[in-house]
Amino acid sequence: MACNNFKDNMAMCNCTYKHCPRKGTCCECLAYHRRNAELPACYFTAEQERTYNRSLSYYFEFNG
Ligand code: SF4
């Protein structure tokens, strides 16, 4: 089922991993990263996001 918010989500998504099938479908994005003890790209600054390190430990290095 297509996400009704896909267009708005894409407009605010800062993820640079272009080929991800979850991009723009935030519920899938969050669930995927949560399963892996990670956070979505939007929790990180542009510089941090580019590392593709989405781990909770990386997040808490800057927000602990
Ligand atoms: S944050 Fe992760 S799941 Fe979400 S669009 Fe980027 S690579 Fe995909």
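The legends below accompany close-up views of one predicted model.

Figure 1. The chain contains four helices and zero strands. Read from the N terminus, its elements follow the order α-α-α-α. The C-alpha trace extends over about 35 × 25 × 20 Å along its principal axes. The radius of gyration of the chain is 12 Å, which agrees with the value near 11 Å that a compact globule of 64 residues would have. Of these 64 residues, 27% count as buried.

Figure 2. The ligand takes up the space of the largest pocket. Around the ligand stand Cys15, Tyr17, Cys20, Arg22, Lys23, Cys29, His33, Ala41 and Arg54.

Figure 3. Is Cys15 buried or exposed? Cys15 is buried, because its relative accessible area is 18% and the limit for a buried residue is under 20%. Cys15 and Cys42 are 27 residues apart along the chain, and their C-alpha atoms are separated by 6.9 Å.

**Figure 4. Arg22, in the loop between H1 and H2**. With a relative accessibility of 21%, Arg22 counts as partly exposed, since a buried residue must be under 20%. A separation of 13 Å lies between the C-alpha atoms of Arg22 and Asn5, which are 17 residues apart along the chain.

**Figure 5. The salt bridge between Arg54 and Glu49**. How many salt bridges does the structure hold? The structure holds one. In this salt bridge the side chains of Arg54 and Glu49 meet at 2.8 Å, taken from N to O. Both partners, Arg54 and Glu49, are buried.

**Figure 6. Ala37, a residue with a positive phi**. Ala37 is situated in the loop between H2 and helix H3 (46-49). The phi angle of Ala37 is near 55°, a positive value in a residue other than glycine. The relative accessible area of Ala37 is 43%, and Ala37 is therefore partly exposed.

**Figure 7. Tyr52, in the loop between H3 and helix H4 (56-63)**. What is the value of phi in Tyr52? Phi of Tyr52 is near 65°, which is positive although the residue is not glycine. Tyr52 counts as partly exposed, because its relative accessibility is 42%.

**Figure 8. Arg50, a further residue of the loop between H3 and H4**. Arg50 has a relative accessibility of 54% and therefore counts as exposed, the limit for this class being over 50%. Arg50 and Arg34 are 16 residues apart along the chain, and 19 Å separates their C-alpha atoms.

**Figure 9. Tyr58, a buried residue of helix H4.** Where in the chain is Tyr58 found? Tyr58 is part of helix H4. Tyr58 has a relative accessible area of 12%, so this residue is buried. From C-alpha to C-alpha, Tyr58 and Leu39 are 9.6 Å apart in space, while in sequence they are 19 residues apart.

Terms used. Residues are numbered from 1 along each chain as its sequence is written. This is a predicted model: local features need pLDDT of at least 70, side-chain atom pairs count only at pLDDT 80 or more; totals for chains, interfaces and linings use all residues. Side-chain values use heavy atoms; hydrogens and water are left out. A residue is near a molecule or strand if one of its heavy atoms lies within 4 Å of it. On a 1 Å grid over the protein atoms alone, a cavity is a set of points where a 1.4 Å probe fits but cannot get out, and a pocket is an open set with protein on both sides within 12 Å along at least five of seven lines; lining residues have an atom within 4 Å of a point. A molecule sits in a cavity or pocket if more than half of its atoms lie within 2 Å of its grid points. A salt bridge is a side-chain nitrogen of Lys or Arg within 4 Å of a carboxyl oxygen of Asp or Glu. Buried means under 20% relative accessible area, exposed over 50%, partly exposed in between (1.4 Å probe, protein chains only). Helices (H or I, at least four residues) and strands (E, at least two) are DSSP runs, numbered from the N terminus. The radius of gyration is taken over C-alpha atoms; the globule rule is 2.2 Å times the number of residues to the power 0.38.
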